Amino acid sequence: MSSSALIHGFEVVIGFETHTQLTTESKIFSRAPTAFGAAPNTQACAVDMALPGTLPVMNKGAVQRAIEFGLAVGGHISERSIFARKNYFYPDLPKGYQISQFEIPVVQGGEVEFFLGTEKKVVRLVRAHLEEDAGKSLHENFTDQTGIDLNRAGTPLLEIVTEPDMRSSAEAVAYAKELHKIVTWIGICDGNMQEGSFRCDANVSVRRPGEPLGTRREIKNLNSFKFMQQAIDFEVQWQIEQILDGHSIQQATVLFNPDTGETRSMRTKEDAADYRYFPDPDLPPLFIERAWVDQVRSEMTELPRVKAARFIDTFGLPEYDATTLTQTQVMADYFEHLAKLCKEPKTASNWVMGELSRRLNQADLGFEASPVSATLMAAILVRISDGSLSNNAGKTVLDAVWQDAPDAENLDQALSAIDQVIESKGLKQINDSGALKAIIAEVMAKNPDNVTQYKAGKEKAFNALVGQVMKASQGKANPKEVNDLLKAALSE
Amino acid sequence: MQDAIQDLSLKALAQALKDQRVSATQVAEHYLGLAQGHLAPKAPNPLNTPQDHSCGAFVSFNPEHTLAAAKASDERIAKGQARALEGVPIAHKDIFVTRDFPTTAGSNMLNHYRSPFDATVVSRLADVGLVNLGKLNCDEFAMGSANENSAWGSVQNPWNRAHIAGGSSGGSAAAVAMGLAPCATGTDTGGSIRQPAAFCGITGIKPTYGRASRYGMIAYASSLDQAGPMARSAEDCALLLSAMCGSDVERDSTSLDLPSEDFSRDLERPISGLKVGIPKEFFGPGLSPDVKARVQEALSQLKAMGAQLVDVELPKTELSIPVYYILAPAEASSNLSRFDGVKFGHRAKDFHNLDEMYRKSRSEGFGQEVQRRIMVGAYVLSHGYYDAYYLQAQKIRRMIANDFQNAFKHCDLIAAPVAPSVAWKLGELNDDPVANYLADIFTLPASLAGLPGMSIPCGLGEQGLPVGLQLMGNYLNESLMLNVAHQYQTQTSWHLAKPGATGVAA
């Protein structure tokens, strides 16, 4: 489905709420560990179990991560934010309320920018607020009973809420991927979707263009990008069919079933609870001084969009390249190292986005595990730019060192290693005009028809002759030289 | 020696123990012997101690633990390692969680509940050598002003057994007044230390909100709850308060990050020249003549000691009742949500689904007044009513606090009655929750403002029941209040009066 296209005359409107689990070692309001996968109730302390007399104490690490996120998306960090209680009964909610932020969240506003294909998109954020996770109800392994595991209770979450800015499932997925990239890039979330570290809820509605927003239904717990797209597509289709059939959409919370590929209503607005939010009297307002924000900013890793801007500025890259190269920190680092060594940033960018990414994807590797180091890669690009290698021969060299990478601690070592490969494979490009002239003369002699045709004005005949020259040189002839020399020879 | 134990101040008792004129074991046995006959009527009595004349002050004992702690104190004393109050017994309001005693908060909901940890206040007091005698009766989850809302039964006023002891720290007040324990802890949300202290003729102080850690104090209304000592005299309270208070920011975010203080430091300072503010709103037509007379006598005494009485205004005093009875139930409705029958506490036996489990467990576990406050609290927080009730109450709460700051521009501390009357009859206001609420009028303002407040005995009113003088100080000004109270107690002997002389035996 393409971006912002109408479906049966309807426009799709999507907003996201994403729960990102923060990477603190201990919980948001207690000192119990947050590690995933422990035996039930072994990582829940008295505070997490809400034993009588226990009280919450804010984990500064969670606040710091919220600040980092706010800075990463250009949001406003509230100097004073308030924790509130969201009251409802559920067996895995130990206190009978969740501590969250309601009226004044820690981060307000901000933007997430990304490319959908080559089209630049901006999704505005409403807010990001800190809250605690609940425990888990375990229905398996019990008959007529439910087990409660409170290990997850009190795990710090940053809930990130967007404006309804997305207009297609593809755009929604691209947003989610970009958000995922940001939170993992700055290290506030491990991004593990299977373990529930990054959970998306999508608010989906449809409308005819120009009409006010339609009634939304919220698809809960989309924990893979694949299901996200499927679920939204199904939901959109369903809503449109309902409307075309003359029904109206009721506000509801729905769940996506990956087995059937369908969304199913969990509860409607009528049975939505009154959460009776009020400021948590156990927690004073959270004050974040400017000095803290400044310190976090100064210690923060360079953000993707800042890095991308720098790539555009210092390396003269197109925006598309810069954005693509900053998909992951390791990719950006690889590129930057490579570009500095080979001094050909655009060539480096092409190779990183093209040949290298393709090979790594096939091998299911990240840039940090690339068999060919940036230093070695730089040597190949140096040899291409100095004319020793043709572009194609460069790929052959890359293939060779991909299989068996020589050691190279610096560019000099890398260059001699690459030169050896070029030598042993006989890939050195022929730039010598004398040798090329001889080949050209021979080719012209053997293909008089083409020569005649060219002289009669048939441009195609020229290409045929170039092909013959390249073939005769076993692909080693410098194509530019061949071009020039052949033209000269033909005009004689 | 033993006969005189009860008459000793904490300081004197600690000295006697330190000098080994009496052992901690003897003192513990002495008090256990007295206290064990005063279990609340419906409290479990595993030791089958006779309860013929019980005032109902205690709800549980663990004699083994108490005697072991006393023995440990004796050993420390023998080694010359006695701490400030080594071997002195104390009893704790059953709202503080304790590892070595059950903790019920006066509720069926927590029948047989045992906490895996001690409240900070409990462990801080143990750290200066105090020995835990047992747990004291209180209103269920500290909700009440008469100690008639305890699942274990009411507490009788030692001065007149047909009357209430006050609440919610009624067990604490009665136990100290009867000499069943030399001192006790209490908690005060809207007057729960000051009012029972006044009704039972003892001294009690609620420090500035945030002074004493709330960790391990079962929450009723988080923004108001504050622990404090209850004892015979201001001097005793100062010693206990010094041990109880101190920063606990690692466990309680509302704890003030201030170093511990010696609240005894100013006790002996003369009070001449001190400006004592008298708020006229506390002396209106609702005040019983007997209470008014005793309080005015106390004020005259302060004047005679050199204090200057100045009129001050606290114009929002009356509003403190609706404000408190919106905010406290609102917080309570949420604080008590954890008692759902899932993890601990009472769970109903027969239920068919989750909702029924919740409903039955909570209906069976909570008493009427607790249920009433949960419902009021849920109502004032609900969608569409929040602004009109909760938000409005918060605004007025700030005005009440501002009124105090204006008053403190003209005086060093404020003196007033603790309650409009002496202790009423048991059962008298049982069916009238509003009348109960109205009786809190004089203690609520300081609670809402987060200010320290204390009650000191200042004579006897109708039917020989004690009257309390309330002192309210500015934030963190406890040592001044204790100074004034102590100076008053050097000139008067109301704090030494014991029930029995004028009281009516049951």
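Of the 506 residues in chain B, 60% are buried; a residue is called buried if 20 or more other C-beta atoms, placed from the backbone, lie within 10 Å of its own. The model is a predicted one, in which local features need pLDDT of at least 70, side-chain atom pairs count only at pLDDT 80 or more, and totals for chains, interfaces and linings use all residues. Residues are numbered from 1 along each chain as its sequence is written, while chains are lettered from A and ligands numbered from 1 in the order in which they are written.

Chain B contains 15 helices and 13 strands; helices (H or I, at least four residues) and strands (E, at least two) are DSSP runs, numbered from the N terminus. The radius of gyration of chain B is 21 Å, close to the 23 Å that the globule rule gives for 506 residues, so chain B is as compact as a globular protein of that length. This radius is taken over C-alpha atoms, and the rule is 2.2 Å times the number of residues to the power 0.38. Along the principal axes, the C-alpha atoms of chain B fill a box of roughly 65 × 55 × 45 Å.

Contacts come next. Two residues are in contact if their C-beta atoms, placed from the backbone, lie within 7 Å. Among contacts in chain B between residues at least 6 apart in sequence, 75% join residues at least 24 apart. Between the chains, 26 residues of chain A are in contact with 35 residues of chain B.

A nonpolar core is a set of buried Ala, Val, Leu, Ile, Met, Phe, Trp, Tyr and Cys residues joined through C-beta atoms within 7 Å. The largest such core has 220 residues, and Ala175(B) and Ala181(B) have the most contacts inside it. Helix H2 (residues 169-185) of chain A gives the largest share of this core, 9 residues. Leaving aside residues up to four places away in sequence, Ala181(B) touches Ala175(B), Tyr31(B) and Leu133(B), among others.

Chain A also holds an open sheet of 3 strands in the order E5-E4-E16, with antiparallel pairing; two strands pair if DSSP finds at least two bridges between them. The edge strands, each pairing on one side only, are E5 (97-100) and E16 (278-279) of chain A. Strand E4 (residues 84-87) of chain A pairs with E5(A) in the antiparallel sense over 4 bridges. Arg85(A) stands opposite Ile99(A) in E5(A).

Definitions and conventions
Buried ≥ 20, exposed ≤ 12 C-beta atoms within 10 Å, placed from the backbone.
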